[in-house]
Amino acid sequence: MTAMHHLRLFFAAACLLLLAGTARAELVIDITRGHMKPLPIAVPEFNAAQPAQAQVARDIAKVVAADLERSGLFKPIDSRAFIQTASSLQTGVRFPDWKQINAEALVQGQVEATPDGRLRVEFRLWDVFAEVQMAGQAYTASSQGWRRISHLIADTIYKRMTGEDGYFDTQIVYIAEDGPKSNRRKRLAIMDQDGENHRFLTDGSDLVLTPRFSPTAREITYMSYYRGVPRVYIFQIDTARRELLGDFPGMTFAPRFSPDGNKVIFSMAVDGTSNIYEMDLPTRRKQRLTDSPFIDTSPSYSPDGSKVVFNSDRGGNQQIYVMNADGSGVQRISFGDGRYATPVWSPRGDLIAFTKMKGGEFYIGVMHVDGSGERLLANGFLVEGPTWAPNGRVLSYWRETPSDERGRGNSSRLYTIDLTGVNERQAVTPVDGSDPAWSPLIP
Amino acid sequence: MRRDSYIFSGALHISIALLSVFGLPWFFKEPPIDDQPIVVDIVPLGEKTNPPPKQADNPQPEPPKPEAKPEPAKAEPPKPTAAPPPPPKPEQVPLPPEPKPAPKPEAKPEPAKAEPPKPEPKPQPDTKSKSKAQDDLESLLKSVDKLKPKPKDDLDKLLKTAEKVKATDQGNQPLPQSVRGSASNNPNEPVSMTEIDMIRAQIYRCWNIPAGAKDAANLIVPIKVRLQPDGTVISAEHAGDMIRYGTDSFYRAAADSARRAVLACSPLKAPPSKYEQWRELTLRFNPKEMVGQ
C-alpha cells in the first residue's frame, strides 16, 4: 500500500466522520424563566350520594377552596365560570371544558353516608392539561368531623401541588382580649386556623399569658397569675382539664415544650438576672442551662431538640443567641442594629423567626440559623410574637394599632404572613387577640 | 530661567491631573454587558436574534382616548433618517393630523395580525446612544432579581403590555413605548429572533413556577416534547430522574409544573419550514433564577 493510498483512505474516513457528525442532534432548550402566580384551581361542589348530604358536600368544597385561597398559592376559579357542571363530573371529567377556563387542577369529590351514620368523603385531584389523576383519597368520620376532612383534603392538595407539607389541619391558641384598655379582660381561646370552631378556654377572672402547644397538639401550657404569683398550667384540650405545673416566682414567659414532649424550657428572673431552665416533666426536676448575670430569656428548641435559641443582653443589647441543649456552646447569631426578641425555631429547622425593634418601629423577621440572610417580613407600630405553622412556611403574629388622639381605635389583631413576605392576612377572631401559638398538625 | 521651569512644572502637573481624572476610569470600566435580550414579542425569524434598536427614554404615553385609536404618544427619537420612512400601510387607520414630520404606524390592540410583518431590508437609521450605561432591559432584569424574596409581577406586566402591542414594522419606525430596545441591535439586519428564542419566549409565558421551593438550586427538570408540524404538542414527558420524581415532593411539583407549562402552551408557534429541527425537543426547566432563598 502506497503512502498515497493511505492518504486517500484517511481522507475518505475523515469525510465519513464529518458527514456522520452533521447528523441532527436533538434540540435542547433551557427554560430559566417563568412567572409565579397563584395556581388556578377549580373546586366544584362535591357530589352528594344522597340529598341529605348535599349541604355538607357544598360546605366541604367551600372550606377546601377557602383554605387553598388563604395560603396565597392558589386561586380557586369562580364557580360561575365552570362549563361542565359539578353533577356531571360523576360520569366523567370533560377536560377540554376545564382547559378552556384555564384551570390547571381540578378537585372532584363525593360525599355519602355510611350505614352506621358516619360520613365518607372521597376526592380526586386531576391535572387538567395532562389529563391524569394526581391524588385521590377517602376519609371516614363522624358527621361533625366534616371540617377536619376538608382541611385534610386541602393539605393533600397543597402537598401534591407545591411539594410542601400542608398546614390546614391545625389550630391556633391565643389570648383573646376585650374591654377598655384600663380594664382588659384576657381569656384563653382556641380556634381552627381558618377562624372556625372558636371557643374560650378560661373565663377571664385570672390574667393569662403566652399559651404554647405541646408536640401532640392536644395540650397547652400557659401562664396565669394567682394572687400575684406566676404559675404555669397544662391544659388538656380534649378533656378541658387543667393541671398545675407549679408556681414559678419570677417567670415571665410560659414554658415551651421540647420536640419529644418530655421537657419544658423556660426562663426565670431571680434577683435582677434572668436565666434559662429546663424541667423534666415526668420527674419535675429542674436544671439550669445558662448562668450569667445578664437577662437570658425567651428560649425555643430546635426541631431535633439538640439546640436552643434564646435572646440575651449579655453583649450589650438584646440579641439572639444559640446554644446546645445542655447549655454549652453559647454563640451569638444576630448582629444587626436594634433589639431582637422572642426567637422561635422553624419546624423545618432552617430558619429562626424573631421580633425586632429599631427606630421606634417593630418588625417580624427571619434569619438562617447561623444569623445570615436576615429578612424582615412585616412591620408596624407594634408587631410581635411570631409563631410558625407546622410546615415552616407561614408565620402568625399579632399587630397592635395605636389609638388615635382621642384615645380610640386601639386594637390588637392576629395576622398571618407567608415566608416570602407576601400574603399578609388578618386572622378572623371575634374580639381582639394577641400572643398566638400555632399547633402542630393534629394527629 | 526659573519662570520657565515653573511654567513647565505647572503644565506637567495639569496634564497629569487631567489624565488621571479622565483617563484612569478607563482602566476600571467594565466590559460591555453581554446583552441577552428578553424577547417579549414574536417577531419574524431570522438567522439570529436581533432585537429592536434601543431608544432614548420616551415620555409616558397619553391615556388612551376611548373612541379614538389608542395611540401612545411617542417622542420622535432624534434619528437622522437615511432613507425615507416607508409609506403607511393601507390597512392602518388614518392618523389624526400631527405636527410631527414622519407618519407613524399605529399600534393597534386588535388582533390585526392578519398581515405578517414583512421584514424590511431598509437600513435602519443609526441608533443613537448605544450607551453602555444602564440598559432599560438590564435594569428590569436586575430589579426582578432583587425581588426574589417578594416575587412581583413586573416582568409579567411587561409581557402583558407587549402582548397588546401589534408587532410593528421593523425598520425606522419608532417603537411603541412598551417595547424596549437593546444595545446589541445590529442596524443592518431586520429585527428577528431564532426559533429557539421564539419557543423559549412562549414557554416563559406558560410556566407557573411553584413558589418557595426548597433547594431551588437543584431543581433542573428535563421534559421531552414531541410536536406536530403545526406546533401542537403530541406528548410532553418528564425525562429526568424517575426515582427522584417518586420520592422528592418538591421535584415532583416542579416537574409537574414544567409538564403543565408545555401542554398549556400548545400549539407552539415555530416555523414549519424548519420542522425537522424542532419536532423533538428537550426542554430543561430551571427555576433557579426565579426562586431565591
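Strand 28 (residues 394-401) of chain A is mostly covered, with six of its eight residues buried. The model is predicted. Strand 28 of chain A pairs with strand 27 (residues 382-388) of chain A and with strand 29 (residues 411-418) of chain A. Chains A and B meet in a contact that takes 29 residues from chain A and 40 residues from chain B.

**Around strand 28 of chain A**

- Strands 27 and 28 of chain A run antiparallel to each other, paired over five bridges.
- Within that pairing, Thr387(A) has Ser396(A) of strand 28 as its bridge partner.
- The two strands make a hairpin, with five residues between them. Gly392(A), in the turn, has a positive phi of about 65°.
- Strands 28 and 29 of chain A are also antiparallel, and eight bridges join them.
- Ser396(A) stands opposite Thr416(A) of strand 29.
- In a regular strand, side chains alternate between the two faces of the sheet.

**A second sheet in chain A**

- Four strands of chain A form an open, antiparallel sheet in the order 10-9-8-31.
- Strand 10 (199-200) and strand 31 (432-438) of chain A stand at the edges. Each has a single partner strand, so one side of each lacks a neighbour in the sheet.
- Strand 31 of chain A pairs with strand 8 (residues 171-178) of chain A in the antiparallel sense, over five bridges.
- Ile175(A) has Ser434(A) in strand 31 as its bridge partner.

**Where the chains meet**

- Chain B contributes 40 residues to the contact, and chain A contributes 29 residues.
- On chain B, at least two residues each come from helix 4 (154-164), helix 5 (195-206), helix 7 (249-264), helix 8 (275-278) and strand 3 (280-285).
- Helix 7 of chain B gives the largest share of that side, ten residues.
- The side of chain B that touches chain A holds 22 nonpolar, six polar and twelve charged residues.
- Strand pairing also links the chains: strand 1 (residues 27-31) of chain A and strand 3 of chain B are parallel, over five bridges.
- Ile29(A) has Leu283(B) in strand 3 of chain B as its bridge partner.

**The largest nonpolar core**

- The largest nonpolar core has 133 residues.
- Ile41(A), Ile60(A), Val64(A), Ile352(A) and Val262(B) have the most contacts inside this core.
- The largest share of the core, nine residues, comes from helix 7 of chain B.
- Not counting residues up to four places away in sequence, Ile352(A) touches residues including Val309(A), Ile320(A), Trp345(A), Val366(A) and Met367(A).
- In soluble globular proteins, nonpolar side chains tend to be buried together.

**Backbone points to check by eye**

- The peptide bond from Ser266(B) to Pro267(B) is cis, with omega near -5°. Pro267(B) sits in the loop between helix 7 and helix 8 of chain B.
- Asn102(A) is not a glycine, yet has a positive phi of about 70°. Asn102(A) lies in the loop between helix 3 (95-100) and strand 5 (105-113) of chain A. Asn102(A) counts as partly exposed because it has 13 C-beta neighbours inside 10 Å.
- Ser298(A), also not a glycine, has a positive phi of about 60°. Ser298(A) belongs to strand 19 (residues 296-301) of chain A. With 27 C-beta neighbours inside 10 Å, Ser298(A) counts as buried; the cut-off is 20 or more.

Key. Residues are numbered from 1 along each chain as its sequence is written. Chains are lettered from A and ligands numbered from 1 in the order in which they are written. This is a predicted model: local features need pLDDT of at least 70, side-chain atom pairs count only at pLDDT 80 or more; totals for chains, interfaces and linings use all residues. A residue is buried if 20 or more other C-beta atoms lie within 10 Å of its own, exposed if 12 or fewer, and partly exposed in between; C-beta atoms are placed from the backbone. Two strands pair if DSSP finds at least two bridges between them. Two residues are in contact if their C-beta atoms, placed from the backbone, lie within 7 Å. Ala, Val, Leu, Ile, Met, Phe, Trp, Tyr, Cys and Pro count as nonpolar, Asp, Glu, Lys and Arg as charged, and the others, Gly among them, as polar. A nonpolar core is a set of buried Ala, Val, Leu, Ile, Met, Phe, Trp, Tyr and Cys residues joined through C-beta atoms within 7 Å.
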